Amino acid sequence: MPRPKKPRSAKRRKKVESQDVRRLRTEAELESRITSALAAALPTFSQGDFVQQRRFTIRLGHESFEFDSAALWEKTGRADILIFYGDRPLAVLEVKRETVALQKTDYEQAQSYANMLTPRPPLLIVSNGKHTQLFDSNTTRRLDTGDYDKAAITNLLENVGKVAAADMRWAIEALMGREVDIWPRAVRKCTAALIETWTDPPGATGRPVARDLIFPREATEQATSALTGADLFTVVVGPPASGKTNLLCELALRTTASDELAVLMLQDSGPGLFQAVSNLFSRELEWTLTPHDARHWLRRMSRGPAGPTLVIAIDGVKPGSAIASDLQELPDLGLGERLRVILTTDQPEGLTRTGNGRGVTKLGSFSQEIELGPLNLKEFKAACSIMENNRIFLVRGASFFEENRVPWILRTIYDHVAGNSRFKDETWGVTLQPTLGVGLIDYVQNAFAGQSELLRAYRSLARDALADDQRVSGDLALEQSNGFVIRRDALSVESHASLGELRTRGQIQTYRRGRIDVVVPTIPALFVAELAEAASEMLSAMVTENPYDGGRWLGTRLEGFFLGEVIGAQAIRILAETTGGFSREIVRALIDIEPQEDTFEDRHIALQAANGEVVDLVVREGKAWRSDRAGNLYGEPVELDELPRTLANTTAWMMLAHLSLLPMASGGDIDDRLDAQILFTVGQCAFPLMRASLDPEGHLEHEIEGFGRVLCPTQGPIEIAAVSLARLFSHEWDKADEFIEAIIAEGSLPLMNRTLIALRTVHSYQIPTRSDWAAFVEKDKLLPAIEALISTVRKQKAN
């Protein structure tokens with residue numbers, strides 16, 4: 001039996017009734033104005049002679065735009081109605097409220113509508129209730145009301161086809177003016193068309209945007225606020241693939257129904273700003289403009305009280321480009337406050353600042369800059385929701401792995417999963433480990449297979465990056481630790497020869513960072529894969545002479561690289577796959593590079609803030625001062641509650657932990673299980689093996705005297721060593737109990753704590769037999785051993 005409908009509440013019923021009343025009142029008022037205007041313009045006719053069309057459509061280029069007279073009347077106090085005599089369109093009628101005087105723009109606007117209709121109505125009528133005027137729609141000649149009887153109207157309609165064709169260009173220009181509300185819809189449809197060309201379908205790669213994968217950024221809110229402020233320009237700065245195009249698309253999508261902003265999207269792809277506007281309108285609206293016309297249109301649109309602010313959004317602006325030159329000209333055009341520009345760039349030098357970095361360009365004088373970096377915690381959680389909408393689930397602890405905060409890595413994950421043939425089945429989804437490790441590289445290699453020239457060029461750049469061991473400035477070192485930047489002076493002849501083609505295809509950016517010319521790959525996911533291949537080549541050459549030295553080189557050389565631990569683990573994997581195995585001397589060498597922790601005291605250091613700014617600090621006697629690059633202090637010092645810690649030589653052990661995630665062919669004994677041996681050693685690190693993040697999620701630690709610092713087990717597997725131990729324990733292994741006994745016998749609290757986290761993770765996976773085993777070991781063996789160890793040490797200290 002169907003459930004009876006719940007009656008509307010009195011409040012809701014009253015609201016619905018008030019909306020209905022308002023709508024009826026609007027319709028009645030509009031009907032009265034139409035009747036009055038027609039009677040004044042064509043007094044020899046009765047109302048029954050005419051048919052009104054209050055909704056009509058006009059076409060600009062490839063797109064159609066609908067007009068709703070009643071909605072416009074309620075919102076703006078004016079409306080446009082199409083009047084038919086018989087089955088032929090006779091007139092465009094524009095009515096306005098009595099308080100609004102009739103102007104020349106009124107009949108020009110009505111004429112622009114008439115010119116876009118087929119067949120074109122021969123008459124224009126404008127009225128504000130007090131005054132009514134009649135015009136010829138072809139010549140805009142003022143006509144006398146009352147001069148047209150039925151015979152004259154019939155003759156007029158018969159001769160419409162003989163009138164010269166309308167000046168369509170003029171009609172479109174009138175419709176794209178601030179006086180008409182069609183232009184916001186037109187520019188938004190142009191923007192939507194461009195975004196569509198930037199968007200890959202699920203599973204495809206190569207374009208900057210993936211369908212259904214726009215990550216919300218706080219920087220978009222900052223940009224929206226900036227665009228309603230005083231500055232003409234908003235400049236969004238960030239490294240390649242950091243999400244700048246995503247931000248512009250998000251801004252456009254957020255403002256599709258906005259009364260404040262209407263976004264017209266462009267791309268720095270060759271022509272200047274005014275030519276780019278001309279090309280876009282010609283293609284999308286069939287409106288032919290010269291660059292001079294486009295300049296005039298932008299100036300016209302920057303003024304006037306009606307409609308939203310026009311926002312020109314330009315992606316990928318390069319210093320010295322034609323579009324950059326036109327942008328520098330904009331402040332001199334005498335623009336009003338209803339035009340704003342937002343642009344993205346990898347390199348603000350030359351755009352907002354002069355080449356030496358000391359002066360400010362004209363664009364920079366009228367701009368606000370927004371730095372875009374990795375996702376912060378709030379943004380990452382929002383990104384996880386977007387991924388979950390696409391049936392991709394990141395397990396607890398994923399936010400603690402810095403690579404997961406990088407937009408291009410999340411995009412790589414999505415592309416790989418969406419490329420699976422089962423993705424079309426909406427009941428199918430995947431749950432991923434907290435960190436992908438070398439699995440990330442597997443995803444990329446499949447996507448770019450077959451692009452031999454690009455792969456070769458990136459491989460050459462990767463070799464150069466690895467071979468360059470020259471010390472660099474602190475800010476460039478920080479940039480290299482959070483992305484991929486190669487000194488141009490370190491390039492080989494082959495790499496130099498490929499720069500022009502790579503730059504033309506948008507596969508690299510070249511610019512000056514401080515005093516150093518650099519090259520930045522714009523497809524970082526592919527560059528990671530090629531770095532691993534190049535590292536494996538170089539490692540292979542070394543191990544034929546001395547495997548131990550090769551391992552030392554790998555662990556130390558990748559220390560300063562972004563994702564160096566993943567690159568190194570993949571390099572060893574490639575070596576094993578191409579040669580049939582690898583020497584344990586490589587592992588021994590990596591183990592010998594023991595991680596170290598130190599405190600800052602009497603140090604001059606460079607730190608990178610979350611907004612990308614590089615800050616120089618001097619730490620001395622428990623205080624920190626801001627300083628310049630030479631170490632000269634300025635400002636007041638800050639008292640430090642505790643000295644900040646610095647970690648060194650962490651990459652080698654993290655590399656080994658990632659290597660342990662891979663399946664390894666070995667015997668069943670503990671001595672034969674290389675992954676178990678690695679984790680037995682790596683797990684004893686006296687502090688968490690986690691890379692520092694620009695926006696770290698606060699994690700809980702227990703600092704226990706005599707044992708070091710260990711992570712709170714309630715947080716789950718938030719470091720790579722615990723993730724690898726969980727993988728080890730999640731598979732059947734007849735020596736697992738023996739391995740647990742060895743861990744307990746070692747008496748290392750950090751190793752026991754990581755094992756505890758791993759066992760709880762396996763229990764949460766609900767794996768048949770293994771989860772029950774993990775729960776039993778935790779309760780009956782490991783926890784009692786931990787309590788006994790801590791108790792024993794405390795007693796020894798007490799004595």
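**Close-up 1. Phenylalanine 729 is buried, at 0% relative accessibility.** The model shown is predicted. Tryptophan 773, its ring partner, also counts as buried, because its relative accessibility is 12% and the cut-off is under 20%. The two ring centres lie 5.7 Å apart. The planes meet at 50°, so the pair is tilted. Phenylalanine 729 belongs to helix α25 (residues 720-729), and tryptophan 773 to helix α28 (residues 770-798). The pair therefore ties together parts that are 44 residues apart in sequence.

**Close-up 2. Five aromatic residues form one cluster.** The members are Phe680, Phe729, Trp733, Phe739 and Trp773. Arginine 673 lies over the face of tryptophan 733, 4.7 Å from the ring centre. Arginine 770 places its charged end over the ring of tryptophan 773, at 4.4 Å from the centre.

**Close-up 3. Phenylalanine 45 and phenylalanine 50 form one of the structure's 12 aromatic pairs.** Their centres are 5.4 Å apart. With 40° between the planes, this pair is tilted. Both phenylalanine 45 and phenylalanine 50 are buried.

**Close-up 4. Helix α19 is largely enclosed by the rest of the structure.** The helix spans residues 524-543, 20 residues in total. From first C-alpha to last, α19 reaches 28 Å. That is close to the 28 Å expected at 1.5 Å a residue. Of its 20 residues, 15 are buried, which is why α19 counts as largely enclosed.

**Close-up 5. Asparagine 546 caps the N-terminal end of helix α20.** A side-chain oxygen of asparagine 546 lies 3.1 Å from the backbone nitrogen of tyrosine 548. Helix α20 covers residues 547-557. Tyr548 is itself one of the buried residues of α20.

**Close-up 6. Several helices cover the buried residues of α20.** Among them is α19, the helix of residues 524-543. The cover also includes α16 (452-467), α21 (564-579), α22 (584-592) and α23 (651-659).

**Close-up 7. Cysteine 190 and cysteine 249 are both buried.** Cysteine 190 has a relative accessible area of 1%. Cysteine 249 likewise has a relative accessible area of 1%. Each value falls under the 20% cut-off, so each residue counts as buried. The structure holds 0 disulfides.

Key:
Residues are numbered from 1 along each chain as its sequence is written. This is a predicted model: local features need pLDDT of at least 70, side-chain atom pairs count only at pLDDT 80 or more; totals for chains, interfaces and linings use all residues. Side-chain values use heavy atoms; hydrogens and water are left out. A disulfide is a pair of cysteine sulfur atoms within 2.5 Å. Buried means under 20% relative accessible area, exposed over 50%, partly exposed in between (1.4 Å probe, protein chains only). Helices (H or I, at least four residues) and strands (E, at least two) are DSSP runs, numbered from the N terminus. The expected span of a helix is 1.5 Å times one less than its number of residues. Contact means heavy atoms within 4.5 Å. A polar contact is a pair of N or O atoms within 3.5 Å; within protein, one must be able to donate a hydrogen and the other to accept it, and residues adjacent in sequence count only if both atoms are side-chain atoms. Rings of Phe, Tyr and Trp (its six-membered ring) pair if their centres lie within 6.5 Å; planes under 30 degrees apart count as stacked, over 60 as edge-to-face and the rest as tilted. A charge sits over a ring if NZ of Lys or CZ of Arg is within 6 Å of the ring centre and within 35 degrees of the ring normal.
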